[in-house]
Amino acid sequence: MQIIENAKVYDAIVVGSGAGGGMATKVLADAGLSVAVVEAGPFFDPADPKHQTQLKWPWESPRRGAPTVRPFGDFDAAYGGWEIEGEPYTHKDGTKFDWYRSHMLGGRTNHWGRISLRFGPKDFKHKNVDGYGENWPIGYEDVKPYYDKVDKLIGVFGTNEGLPNDPDGFFLPPPKPRLHELFYIRGARKSKIPVYPSRMSMLTKRINKERGVCFYCGQCSRACQVYADFSAGTCLIFPAQKSGGQVDLFVNCVVREVTTDNEGRATGVSYINKEDRKEYKLKGRVVVLGASACSSARILLNSKSSQHPNGLGNSSDHVGKYLHDSTGGDRVGFIPDLMNRKVSYNEDGVGGMHVYSPWWGDNSKLNFPRGYHIEIWGGMGMPNYGFGFNVNEFNKFFGTKVGGYGDVLRSDVKKYYGALVGLSGRGESIARKENYCEIDPSTVDQWGIPVLRFHYKWSDLERNQAKHMQETFAEIIQNMGGTPLGDMPGRDQDYGLQNPGRIIHEVGTTRMGDDPKTSVTNKFQQLHDVDNVFVVDAGPFVSQADKNCTWTILALSWRASDYIVDQLKKQNL
Amino acid sequence: MDRRKSIKSLVLGSVAGGLALHGCKPGDEQMEQVVEQAEVFYGRTPEERELDAELQKEQFFNIHEMATLAILCDCILPGSEEYKSAMDAEVPNFIEFMVKDIPEMQVNLRGGLMWLDHQCNARFGAEFISLEQEKQHEILDEIAYYDPDIPEEERPAAVNFFSLLRNLTLTGFYTSKIGIEELGYKGNMPNVWDGVPEDVLKQHGVAYEEEWLAKCIDQSKRNIVAKWDDEGNLIT
């Protein structure tokens, strides 16, 4: 098969259109560069009625939103999931890693919870605090100006609280707490756990004429048709195009590898067009990988040549190593004081929590390093598949019969509607070289591209943290006058610690550092081995922090892109 | 993941799940169809749309089973002057779709229906649908209640059958238009959130703190473009 070459030489080829790739596209195009964006999935625009799931009613789905097709339910905006037909991944030594992929314009930003937390000063130098992992080659002061710019460009609500490791920013005002969140505030404070307005990227206030203001349907996971929440397509790629940028979108195109010349420098990428199943080549002066930490590592490892026999940028043998995801633990509580609620008002609010608790603990007195933040959910949400299951099981708390039939079930539904509160801990794990992804030499996907094989194990440090989550959540639920549901998961269940990958915060596979022997990229996310290849997803993260990674991906991608523009101007690339 | 577990986790509101999703390769013709059907196909990809259509085309339950389901569902949520019934919300049709969407439920439901007719035949000499309501209820009373402290796997099959049917009936009804109207859910429409109403706060014994409210959005200024001073203080 002949490979079809495009004659045009782009200034930059951006692989992936999520947070990292989207931001790079915006910054590079705004600087006047010609940019090719290569995205593995289809075009997606939530303003287009044919793509919309927002404001649909459950009965518009024959399965009423059940998660049989899309893993987060029929109305979730994201295409893809834990398994994608024809695109497998494998595991080594019976270890577990669940890999969530969303192939579409905007990538996983169409899915995430919009929790937008800056890393703090300690997060970049945490080895100095507890000896675990590695320090970043950059500090908070390097990233702060970019966090500030991201806040203003994209919009995030929150409050300046002057916290030492949860920095202030340029926030829009937060929405008022919901009823169950007022209960949480009371319950958490009783255990001396501080609570603050959450920090999420929805526009509670206008930031420009192009994007709308939140209308409180609570459905950010369905993608906002007025662009009042952040996703990379609506807030980065489209604006880059609208302001006259030279952006060519290649959708449904799966990148196989970065191509190189005889000197080992990158010349562009080769990709497979899913529609005709043929292989193509694009030429570019710079290649910017933003395909997701694991997908970018896969592309690098598959880019073997005589100059780069171990894969591109992999002379250190560190590509794919230090893969880590956030820890996750959850508990649900039944709160009798939230029974018999009036349904006189709409409390959908923004899509997600209005309050949260950043990490408050003193690790020097605990049996694990690093912390977690607490996310809160509950309320009188829109019924979906699963609503009314085990409708009156809480009767057991009142000594009345469970089950039955007839009109009594109607009153049970209303009695318990909105009486559940869920708490989720999302925390920091330690990056380890033994947790990695690599190429599986014996498996290819339907595009003929060798797939990833994962090796990942939690340690007792993460298990101890998960145990702390469970104990804390049970205590808070009891403080709220409630009862935690189910049994507290024990040691045999890793204290409820979710499988690695499950929190969808994969980072670390192309970590940055000053030493080319122990890192893949430098502090500008440029490969040590090849100066015209950059990684702008979460691959270059040295550590995860107890924060969601998106805001930091955005800030660092902007920073790396500024550097690319500067280096191109100086003709260093 | 075991589907039963996935149903359980749904009850707990967890977002865990995990089935394959097909890739997306839109052809022009398919895309046009999607545009035409956008209103009824709620943002489906062409592959998802095809899957829905295939499932709609098949028929799992036979006529007798559908008739039995109709009566059972209306026992669970009967109609009256005050309330619409499960049949009014077309719950049996929803269940028919779901057993094709989640085939693991098929044996439990179909087997349960057979068990029910067997019981009725043995005791009253007639199938369930031919019995007068009093006798139908007599049978249901024996399988409608369960002890939640006994794990589901250890409960009698007939009890689990009826629990599943009750779950599907409740969920089918309260995700329908008439069910949501009965529930009184007020959301899923553009609005401006400005906090919990005073009477609700009072009912539940909580209050907003002035200090917290002072940080929150002044909704009268939501359309004024945000500007900050250099310290990050909002000035508009």
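## Salt bridges within and between two chains

A:Arg63 is buried, and its relative accessible area is 0%. Keep in mind that we're looking at a predicted model here. So what does this arginine pair up with? Its side chain forms a salt bridge with the side chain of B:Asp101, at 2.8 Å from N to O. The pair joins two chains, because A:Arg63 sits in the loop between strand 2 (34–38) and strand 3 of chain A, while B:Asp101 belongs to helix 5 (residues 91–101) of chain B. B:Asp101 is buried too, at 8% relative accessible area.

A network of salt bridges links A:Arg63, A:Arg70, A:Asp74, B:Arg44, B:Glu48, B:Asp52 and B:Asp101. As a bit of background, side chains of opposite charge can pair when their charged atoms come close. How many salt bridges does the structure hold over all chains? The count is 52.

| Salt bridge | N to O distance |
|---|---|
| A:Arg63 and B:Asp101 | 2.8 Å |
| A:Asp11 and A:Arg285 | 3.0 Å |
| A:Lys176 and B:Asp194 | 3.1 Å |

Take A:Asp11 and A:Arg285, whose side chains meet in a salt bridge. This pair ties together distant parts of the chain: A:Asp11 is in strand 1 (residues 4–15) of chain A and A:Arg285 is in strand 8 (residues 278–289) of chain A, 274 residues apart. A:Asp11 counts as buried at 14% relative accessibility, whereas A:Arg285 is partly exposed at 36%.

Then there's the salt bridge between B:Asp194 and A:Lys176. That one crosses between chains, going from the loop between helix 9 (177–183) and helix 10 (198–204) of chain B to the loop between helix 4 (140–154) and helix 5 (179–190) of chain A. Is B:Asp194 buried or partly exposed? It's partly exposed, with a relative accessible area of 42%, but A:Lys176 is buried at 17%.

Now for the folds. Chain B has eleven helices and zero strands, and buried residues make up 48% of its 236 residues. Chain B exposes about 11900 Å², with carbon and sulfur atoms supplying 51% of that.

Chain A includes an open sheet of three strands in the order 3-14-13, with mixed pairing. Its edge strands are strand 3 (90–91) and strand 13 (436–444), each pairing on one side only. Strand 3 of chain A runs parallel to strand 14 (residues 450–455), joined by two bridges, and A:His91 stands opposite A:Phe454 in strand 14. Helix 7 (residues 293–302) of chain A lies across strands 13 and 14, at about 60° to strand 13.

Terms used: Residues are numbered from 1 along each chain as its sequence is written. Chains are lettered from A and ligands numbered from 1 in the order in which they are written. This is a predicted model: local features need pLDDT of at least 70, side-chain atom pairs count only at pLDDT 80 or more; totals for chains, interfaces and linings use all residues. Side-chain values use heavy atoms; hydrogens and water are left out. Helices (H or I, at least four residues) and strands (E, at least two) are DSSP runs, numbered from the N terminus. Buried means under 20% relative accessible area, exposed over 50%, partly exposed in between (1.4 Å probe, protein chains only). Accessible areas come from the Shrake-Rupley method with a 1.4 Å probe; for residues, only the protein chains shown count as cover. Two strands pair if DSSP finds at least two bridges between them. Contact means heavy atoms within 4.5 Å. Axes are lines fitted to C-alpha atoms, for helices over the stretch in contact, and angles run from 0 to 180 degrees between N-to-C directions. A salt bridge is a side-chain nitrogen of Lys or Arg within 4 Å of a carboxyl oxygen of Asp or Glu.
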